[in-house]
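Work through the exercises below with the sequence and model open. Try each task before reading its solution.

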Amino acid sequence: MARLFTLAICFFSFAIIGTAQVTGTVTDANGEPLIGATIALKGTADGTITELDGTYSINAREGMLVFSFTGYESQEVPIEGKTRIDVVLQTANYNLNEIVVVGYGTQKKADLTTAVVVIDEASIKNRPMASAAEALQGKAAGVQVVQPSGKPGGDIAVRVRGATSVLAGNEPLYVVDGVPTTDIRGLNPSDIASMSVLKDASSAAIYGARAANGVVIITTKRGKEGKNTVTFNAYGGVSNLRKTVETLNTKDYRDLINEIAPGAYDQSKTGYTNWSDEVFGIGKVQSYQLAFSGGTEKTQYLFSTNYLNQEGIVAPAKFDRYSMRLNLDNQVNRWLKMGTSVNVLRSTTEDTPDNASSGRGGVIMSALNTPPFLKIYKDETESQYDPNPFQPSWENPIAYMFGADQKSIDTRIFGNMNAEATIFKGFSLKTNFGVDMNAHQWDYYLDPFKTNYGRNQNGLGQADKSNSNIWLWENTANYSTTFGESKVSLLAGSSIQKSRWSDSYISGNDFPADVNVTTLNAANSISASTNVQEWALESFFGRATYDFKSKYLVTASVRRDGSSKLAHHWGTMPSFSVGWRISAEPFMQNFTGIYDMKLRAGWGKNGNQEGIPNYARYGLVNYYRTASTNPLSGPASYQSTYGNPDLRWETTAQSNIGLDLSLWKGRVNFTADAYIKKTEDVLLNVQLSNSLPITSIQTNAGKIENRGLEFNLSTVNTAQGSPLTWSTDFNISFNKNNVLELNYTDVYYFGRIYSNNQDVAIVRKGLPLGVFFGYVSEGVNPETGDLDYKDVNGNGIFDPGDRTIIGDANPDFTYGLTNNFSWKNFDLNIFFQGSQGNDIYNATRVDLEGMFDSKNQSTAVLRRWTPDNRDTDIPRAIGGGKVDNVRNSTRFVEDGSYIRLKAITLAYNINPKSLERLKVQKLSVYVTGQNLLTITNYSGFDPEVNAFGRSATELGIDYGTYPQARTLTAGVNVEF
């Protein structure tokens with residue numbers, strides 16, 4: 001019996017020893033508990049996370065515990081028989097082991113040999129954004145982001161190292177959780193975990209014929225092993241116009257009209273409507289997000305729902321988005337894991353017409369040009385809007401805003417499923433199937449009564465419905481191994497992507513008098529058209545990386561793409577890059593201040609097939625209906641385009657050299673890059689003889705070059721352990737664009753200004769894209785009151801040959817500056833963004849200072865030339881529709897440089913200890929101001945503008961563009 005008792009005691013003793021428990025707390029440098037910090041037993045699958053008070057417990061009696069938390073430096077602590085281990089984690093300054101998402105894989109930041117910049121979740125936290133592309137602005141050197149319009153749900157122009165194309169598009173390729181796309185407007189920014197921008201060709205070449213404009217890889221948030229978490233985020237805010245443009249009151253307007261056309265003004269028109277006050281209002285924004293995440297060792301999940309509503313400062317512009325996301329990861333067994341990412345969204349957009357003159361429906365120009373004596377409605381019945389007596393076809397701005405009922409609805413499913421099998425150690429096979437399906441519907445109805453145009457048409461209805469279906473199937477094989485001090489990684493893969501887009505458009509007029517009947521089948525006259533477009537892309541690719549002692553690094557890749565758009569389907573895009581960690585060399589060991597120093601160099605070639613028409617190699621034929629005949633003979637037809645079997649995609653070769661430098665254990669980090677990009681086979685519409693039925697053909701006819709420098713500096717400005725932490729990020733980019741060659745045609749004209757019927761932008765050899773072309777104004781002739789123009793060609797007469805380059809919309813440099821402060825429970829983020837040296841062609845002033853018809857004008861014309869006021873910069877009122885004084889000239893070119901307080905956020909993080917009773921892990925509240933301060937000499941509403949959207953040739957033109965707004969929001973973030 002005693003022997004049995006002794007054995008039992010020994011057994012339980014060993015059991016207790018074998019399952020010894022280690023406990024402790026994990027805090028930051030200020031003694032605050034870190035909630036959810038990870039504690040892992042190195043070399044095993046055992047681990048845990050900290051509780052609300054920062055405490056933890058783990059069953060372990062020997063080995064190494066690894067303590068880690070996002071944004072902090074990891075620590076490894078040996079157990080050595082201890083039963084309590086308390087750890088203080090320090091804020092990470094520069095983590096060389098940070099994992100960066102690259103094409104078809106990941107790499108350690110320390111091992112990158114290419115130009116890649118990462119925007120993480122912390123960089124966009126507490127910034128209310130509708131589009132994920134906004135997160136790139138001012139945050140990444142070499143990436144220029146312009147919001148051409150302040151309209152809710154509008155497009156955003158993104159340029160990675162300059163524009164490379166005239167027709168084929170200049171937007172980067174976006175890859176969201178492995179699925180490529182060119183449209184991320186529906187992506188909820190709150191779902192994003194990181195954005196990796198592949199800037200140089202050697203990093204982007206793995207995406208081949210779609211990567212000439214750079215690649216942005218977006219990774220969404222995923223569930224993590226551990227406790228189930230519920231998060232709720234909400235914010236709401238208001239916005240208003242940053243500045244106004246003053247126009248004439250009724251008296252001054254009457255004097256002007258009497259000067260232009262004596263006797264034309266009805267003296268009984270004495271009322272006054274401030275149209276700017278009627279048009280520009282208070283915008284609103286609200287967003288609500290609820291997310292559930294968590295998981296076990298084998299299965300992790302994230303499910304999020306979001307509602308976003310944006311109402312613009314000029315009604316009825318509005319953007320509504322409902323979105324849901326489900327991300328699942330499952331370790332099926334030891335060798336197989338599967339995952340899925342699905343995003344379902346539905347967005348509704350209501351438009352406010354802009355970028356057009358007041359005679360063509362432009363609301364912004366109408367707010368400035370509509371005669372001030374007009375009323376909103378003709379009479380008290382409000383059955384008709386007050387018409388313009390000088391131009392009956394011109395509506396007042398309220399009629400343009402609310403005369404028509406219009407709305408577009410998009411329903412989209414975007415996502416993928418993947419499976420990865422580990423065949424043996426270091427070797428895995430992965431398959432990925434993705435879809436991008438979108439159903440678009442736009443409806444428009446203008447009743448037969450309220451507007452002049454509606455009465456002329458007796459009602460007008462339009463409907464456009466389209467469906468887009470894109471599917472992707474990719475298969476990759478990965479192999480990595482280590483031998484000695486060398487590491488090798490190999491990737492091989494194939495990809496096939498196919499797209500089908502179909503569209504149906506119907507238009508009808510002559511509607512019933514009953515305005516409740518708005519369906520197109522009620523229209524007496526109907527026309528319709530249909531269109532179907534398809535394309536496919538097949539690809540094979542591979543990449544190899546070699547790493548010796550993390551000192552000498554080599555990466556090489558190649559991709560071969562075959563496109564259905566071209567007669568010569570296939571093209572090959574190779575790349576290579578090398579890295580040298582200079583700081584690892586023996587001769588650098590005495591330089592103790594240098595934490596890390598790496599030199600990078602690379603070259604690669606990419607293509608751009610995005611803007612090539614799907615059937616460019618064919619001559620297209622259009623069919624149209626004719627009167628019925630007996631016997632039936634079918635529709636009539638005509639050829640609409642010439643085919644070009646020799647068409648090739650644009651190809652961009654890029655060389656890059658860079659330096660990564662980290663000093664004093666990562667407290668100062670500096671990155672510099674220099675690059676040269678040369679694009680060949682630029683697509684252009686070459687003019688043919690006017691005697692031909694088709695006067696142009698699309699062909700490869702040019703070369704474009706971009707050269708640039710990029711610098712990024714990040715610093716930690718306070719001592720470690722200080723109660724106040726302060727860090728700074730600064731980036732600046734210089735890019736020079738140049739058209740090296742144009743074939744067949746010496747010059748191409750773009751940017752037609754409606755009111756003077758002249759083009760203001762050109763493409764010509766030796767010049768950058770986006771230059772302005774026109775006359776040089778020499779001021780007002782004091783004798784005649786007309787503008788004098790410089791005789792540029794010296795022939796003694798004024799003629800079109802006097803036109804020359806009058807401005808450049810490209811900036812000399814762009815920059816961003818972010819300062820982050822943290823003190824106790826307060827966080828303060830201040831983000832400035834700016835552009836320097838770019839010109840703006842203020843075409844709005846053509847209609848506001850032209851005085852050539854009955855439009856209302858800005859108060860600048862109060863100083864116009866008269867016989868009694870000869871010394872002035874504003875010419876005389878000319879009338880009669882004459883545009884002599886408003887030709888495209890230097891008169892309307894302005895400095896568009898600006899520096900903007902893009903966002904400032906003050907957040908308060910409530911102490912977790914005070915939330916324990918409420919079962920709340922984290923709670924923070926914040927206030928954010930956007931565009932609160934803009935310093936600029938530009939006279940228009942806003943310097944961040946382009947009436948031609950994302951065009952690369954028609955840059956910086958302001959023509960009644962929907963302006964940016966100042967916004968103030970308040971929000972709350974809660975985690976349970």
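**Exercise 1: a loop glutamate**

Glu585 is buried, with a relative accessible area of 8%. Buried means under 20% relative accessible area, exposed over 50%, partly exposed in between (1.4 Å probe, protein chains only). The model is predicted: local features need pLDDT of at least 70, side-chain atom pairs count only at pLDDT 80 or more, and totals for chains, interfaces and linings use all residues. Residues are numbered from 1 along each chain as its sequence is written, and side-chain values use heavy atoms, with hydrogens and water left out.

Step 1. Glu585 sits in the loop between strand 28 (570-581) and strand 29 (594-608). Strands (E, at least two residues) and helices (H or I, at least four) are DSSP runs, numbered from the N terminus.

**Exercise 2: helix 4**

Task: find the buried residues of helix 4 (residues 250-260), then inspect its N-terminal end.

Step 1. The buried set is Thr250, Asp252, Tyr253, Leu256, Ile257 and Ile260. These residues lie on the same side of helix 4, because they cover an arc of only 160 degrees around the axis. The arc is that of the directions from the helix axis to the C-beta atoms.

Step 2. Recall the geometry: an α-helix has 3.6 residues a turn, so residues three or four places apart point the same way.

Step 3. Asn249 caps the N-terminal end, with a side-chain oxygen 3.2 Å from the backbone nitrogen of Lys251.

**Exercise 3: the largest cavity**

Task: describe the largest cavity and its lining.

Step 1. The largest cavity holds about 690 Å³ of space. On a 1 Å grid over the protein atoms alone, a cavity is a set of points where a 1.4 Å probe fits but cannot get out; lining residues have an atom within 4 Å of a point. Grid points are joined across faces, edges and corners, and a volume is the space filled by probe spheres set on the points.

Step 2. Its lining has 47 residues, and Gln144, Val146, Ala809, Pro811 and Thr814 are the closest to the centre.

Step 3. Which strand gives the most to this lining? Strand 37 does, with six residues.

Terms used
A polar contact is a pair of N or O atoms within 3.5 Å; within protein, one must be able to donate a hydrogen and the other to accept it, and residues adjacent in sequence count only if both atoms are side-chain atoms. On a 1 Å grid over the protein atoms alone, a cavity is a set of points where a 1.4 Å probe fits but cannot get out, and a pocket is an open set with protein on both sides within 12 Å along at least five of seven lines; lining residues have an atom within 4 Å of a point.
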